[in-house]
Amino acid sequence: MNNVLKTCIVDDDSIYRFTMVKTLESTKLPMEIMVFPDGEEAIDFMLDNLDQDSVFPDVIFLDIDMPVMDGFQFMEEYVKIKPRVGKKITIYMVSSSLDPVDIERAKKISAISDYIVKPIGLNRLKTIIEDLLEERKD
Amino acid sequence: MLDTNMVYLAVSKRWIKDFVFEDEDIVGRSHYDIFPEIGDDWKEKNQLCLKGAIDICDEAPFYRKDGSIQWIYWDVRPWYNAEGEIGGLLMHTGDITEQKERELEKKRAESILNDTSEIARISTWEINLSTQELLWNKMAYEIYEVADDFRPTVDAALEFFKYDEDRQAAKVAIQNAIDYGSAVDMDVEMLTAKGNSIWAKITGKVESLSGVPTRFYGILQDVSNIRLTEQRLNRAYTELEAIFNSKSTAIITTDKDGIINRFNKGAEKLLGYTADEIVGLEKPDIYLLKEERDKFENDITLLFRGDSFIADAQYNYRNENINDTRQWTFRRKDGSMFSTLTSITAINSSEGINDGFISVVTDISKIKDVKNELRKKNDLLNFAERLSLIGHWQWNTVLDRVQWSENLYTIFELEESVTELQFDTYFNFVHPEDKDLVAEYFKKSANDKKFYSFIHKIITVNGVVKTIHLVGKAIANKKGEIFEMFGTCQDVTESKEEELKLIRAKEELEIVAQKLAYQNKQLADFTHITSHNLRAPVANLNSLMEIYKLSDDDEERLDIFSKFDTVIDRLTLTLNTLIEALKTKISDAQEELESVDLNEIFEDTIQTLSGSILTSGAVIKGDFRELSTITYNRIYMDSIFLNLIGNAIKYKAKDRAPEIIVKSKVKNGRNIITFKDNGLGIDLERHGHKLFGLNKVFHRHPDAKGVGLFLTKTQVEAMGGTITATSEVNVGTTFTIIF
């Protein structure tokens with residue numbers, strides 16, 4: 001299972017989710033994709049599976065604007081449970097916002113690897129996934 | 001020698017000389033013929049002598065027929081012939097007039113001496129050196145202030161000496177007098193019998209008889225007054241010398257001929273000449289200006305002779321009792337000039353003839369410089385005061401005397417000839433509206449011993465209303481009592497008006513700034529909206545295009561295509577909302593005001609929402625009793641009611657039918673409408689910040705689009721109102737609009 005990258009998409013926009021899944025699939029890289037429509041559902045999944053973090057994603061593409069629990073609120077909750085998670089999770093904040101306030105805020109959160117402006121684009125996505133797969137081999 | 005008939009028988013040569021009969025033949029002539037002045041009394045005495053008596057007289061005045069007095073002595077006795085009978089008279093007489101006059105002279109001198117002793121308080125003393133006896137005259141008793149029965153001795157006299165060393169010195173002097181016959185001259189301080197301290201001058205000398213000193217005698221003079229005068233004179237002289245030697249004051253004196261005879265150190269320093277160069281010069285032309293000298297002479301002449309003075313060659317102003325102090329310009333040796341204040345005093349003899357002048361010269365060039373500087377500064381101050389419309393004042397609070405600066409008079413438009421200023425002078429100018437305020441301020445100042453700056457209105461002499469700003473300081477003495485206040489007074493009428501204008505401008509600016517800030521915020525909101533809400537669908541479109549291109553499956557392509565529809569629908573809605581919001585912001589909603597009947601709006605809304613009300617079973621109440629009409633934009637009011645009531649139904653609690661209460665009221669002069677529901681409620685802690693944002697949704701509701709509240713807020717704010725919400729999850733939400 002080690003060579004399969006568990007990839008998670010958290011976004012309320014169904015079209016975006018659809019395009020992400022399609023784009024990821026098109027890379028034909030070994031991945032297992034899971035999707036959540038908002039932060040609360042994603043954090044609930046993690047809380048439910050704390051005792052078996054192997055099901056936790058390796059990488060999360062996290063949207064900012066979402067109903068119920070947005071990206072930042074998700075991060076707050078995630079930071080709380082992070083010490084109890086044995087697995088390394090790479091998180092990308094993904095948003096269509098170019099608002100510097102959002103970008104700055106995301107960069108201040110150490111658990112976030114990078115801030116990506118939508119649309120991500122096939123090539124960028126492919127590079128990210130390949131790099132992560134490469135890391136896991138080491 | 002005369003016979004019994006008083007006829008001369010013989011005369012001696014001396015007799016002839018004494019009585020001046022050198023050219024006459026006396027023998028054979030009668031005595032009474034020769035001296036017809038002889039009276040009967042003398043003739044009678046002669047007769048007695050002829051009967052045997054002897055008449056001897058040491059001195060007697062002989063009044064001669066020419067009126068002169070001849071002092072004579074005589075010895076007249078009878079002579080006897082051989083038979084023992086009286087043959088006549090033997091007359092022995094002599095002229096002692098000269099001797100007698102000398103004696104009288106001595107008596108006169110003694111009398112004068114006595115008088116002098118009395119006046120000069122000179123006593124005499126005499127010590128008999130063989131017996132050590134001491135004799136005093138009457139004055140000595142007075143000087144020593146002892147009783148008349150006091151018996152002086154040498155030791156007792158020495159007891160009156162105040163100091164022992166004087167006593168010892170006196171003893172030595174007496175011993176020296178005895179041993180060497182030396183004289184004494186000493187001044188001693190004595191205490192009289194009555195305890196008065198006096199100064200006595202004692203002089204004495206020794207009289208010797210055949211080389212043996214027998215008598216030591218002299219005088220003792222009470223010189224207290226002299227001594228005192230001498231001391232005073234000494235002091236005055238010393239003081240005068242000190243003044244004369246002063247280096248800071250120049251003193252120059254001239255003699256009766258106008259020749260400089262003293263030129264002190266101060267003068268040397270001041271003028272740069274040495275005394276040697278100057279003393280002996282006639283008239284001080286070397287350092288004085290001729291025109292000033294001429295003016296001085298004129299002034300003095302005018303002063304003493306007055307206007308009626310007619311040129312008089314004999315007149316010399318120098319003989320007047322001049323005491324003049326004025327400014328003189330002096331010329332230094334190096335030629336430079338400087339100002340002095342010089343007092344010139346004439347020294348006149350008792351006959352009123354000038355004996356010279358004393359000039360006391362003080363260099364006032366520095367004082368003058370300072371004065372000039374001060375005058376310049378004062379001019380500047382006046383100028384500055386005029387420019388800045390400031391005046392200054394000084395108030396002696398104890399005497400209630402006030403001084404105003406020139407410009408303060410100008411501010412109050414008061415004649416400068418009015419100099420008797422008091423606090424009331426100022427207070428009477430205070431505008432009636434401000435009198436209480438001013439009185440209060442001064443009372444407070446007096447209490448707190450501190451001057452508070454304040455602004456008030458005045459009415460000037462010419463009736464002009466001005467606003468003045470008083471700033472000052474209160475000065476208290478050591479006891480903490482105020483005795484003076486001083487400060488400035490500025491005419492701020494114009495600046496006050498300017499200030500009002502400024503305040504108005506500022507207020508306007510603030511409104512503009514508020515508008516700008518609001519517009520900025522709107523702009524920021526729009527940037528945000530663009531960022532989030534327009535970029536998102538565009539990004540989706542891009543992504544869809546990308547996977548559409550990658551896809552080679554027709555079915556998949558169809559699927560993707562249907563997604564395009566969804567995205568484009570979404571984009572259209574967003575664009576429409578934005579256009580709606582933009583319209584609201586851009587159009588001047590205030591221009592379309594009308595009286596809006598809230599009951600009417602409420603009914604219309606119920607009508608529009610009747611479908612969802614029916615399905616949800618909502619109960620909606622409108623209470624507009626307190627406030628039934630609001631002047632507002634009708635379309636907005638419709639939209640507000642529709643969105644808020646619609647939301648309340650849309651986000652109803654799952655387990656209960658919606659209950660909605662719409663209520664209007666007036667609070668603090670503001671119109672308020674509240675929309676209260678019992679729906680899902682919102683976690684405001686989490687979502688409060690984006691409650692009214694575009695496309696913000698908080699519930700996983702299929703119809704949640706995040707448009708309604710955004711538009712509502714835009715409309716409310718465009719009309720100058722605010723919208724807020726309170727909410728509790730699963731209890732309900734209340735929206736409050738303040739119009």
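Predicted model: local features only at pLDDT ≥ 70, side-chain atom pairs only at ≥ 80, totals over all residues.
Reader: What makes strand 21 and strand 25 of chain B edge strands?

Author: Start with the sheet. It is open, has five strands in the order 21-23-24-26-25 of chain B, and its pairing is mixed. Strand 21 (619-623) and strand 25 (722-728) each have a single partner strand, so one side of each is left without a neighbour in the sheet. Neighbouring strands here are turned by 15° against each other on average, direction ignored.

Reader: How do you know that strand 25 of chain B pairs with strand 26 of chain B?

Author: Count the bridges. Pairing needs at least two. Strand 25 and strand 26 (residues 732-738) of chain B are joined by seven and run antiparallel. B:Ala725 stands opposite B:Phe735 of strand 26. The pair therefore meets the criterion of at least two bridges.

Reader: Which strands of chain B have bridges to strand 10 of chain B?

Author: Strand 14 (residues 354-363) of chain B is one of them. Six bridges link strand 14 to strand 10 (residues 250-255), in the antiparallel sense. In that pair, B:Thr254 faces B:Phe357. Strand 11 (residues 260-263) of chain B is another, with three antiparallel bridges to strand 10. There B:Ile252 stands opposite B:Phe263. Strands 10 and 11 of chain B form a hairpin with four residues between them, and B:Gly258 takes a positive phi near 80° in this hairpin.

Reader: Why is helix 12 of chain B said to lie largely in the open?

Author: Burial takes 20 or more other C-beta atoms within 10 Å. Of the 24 residues of helix 12 of chain B, one is buried, so the helix lies largely in the open. For chain B as a whole, 20% of the 739 residues count as buried.

Reader: What span does helix 12 of chain B reach, and what is expected?

Author: Helix 12 (residues 365-388) of chain B reaches 33 Å from its first C-alpha to its last, close to the expected 34 Å. Just after this helix, B:Leu389 has a positive phi of about 55°. Helix 15 (residues 435-448) of chain B has 14 residues and reaches 20 Å, close to the 20 Å expected. B:Lys449 follows helix 15, with a positive phi near 55°.

Reader: What makes the set around A:Val10, A:Leu62 and A:Phe74 a core?

Author: A core consists of buried nonpolar residues joined through C-beta atoms within 7 Å. The largest such set has 32 residues, and A:Val10, A:Leu62 and A:Phe74 have the most contacts inside it. Helix 1 (residues 14-27) of chain A gives the most to this core, four residues. Leaving out residues up to four places away in sequence, A:Leu62 touches residues including A:Val10, A:Phe74 and A:Ile91. A second, separate core has 24 residues, among them B:Tyr632, B:Leu644, B:Ile649 and B:Val716.

Reader: How many residues does each chain give to the contact between chain A and chain B?

Author: Chain B gives 22 residues and chain A gives 19. On the side of chain B, helix 16 (493-550) and helix 17 (554-586) are the elements that give two or more residues. Helix 16 of chain B has the largest share, 13 residues. By type, the side of chain B divides into nine nonpolar, eight polar and five charged residues.

Definitions and conventions. Residues numbered from 1 in each chain as written. Chains lettered and ligands numbered in written order. Axes fitted to C-alpha atoms, helices over the stretch in contact; angles between N-to-C directions. Contact = placed C-beta atoms within 7 Å. Nonpolar A, V, L, I, M, F, W, Y, C, P; charged D, E, K, R; others polar. Buried ≥ 20, exposed ≤ 12 C-beta atoms within 10 Å, placed from the backbone. Expected span 1.5 Å × (residues − 1).
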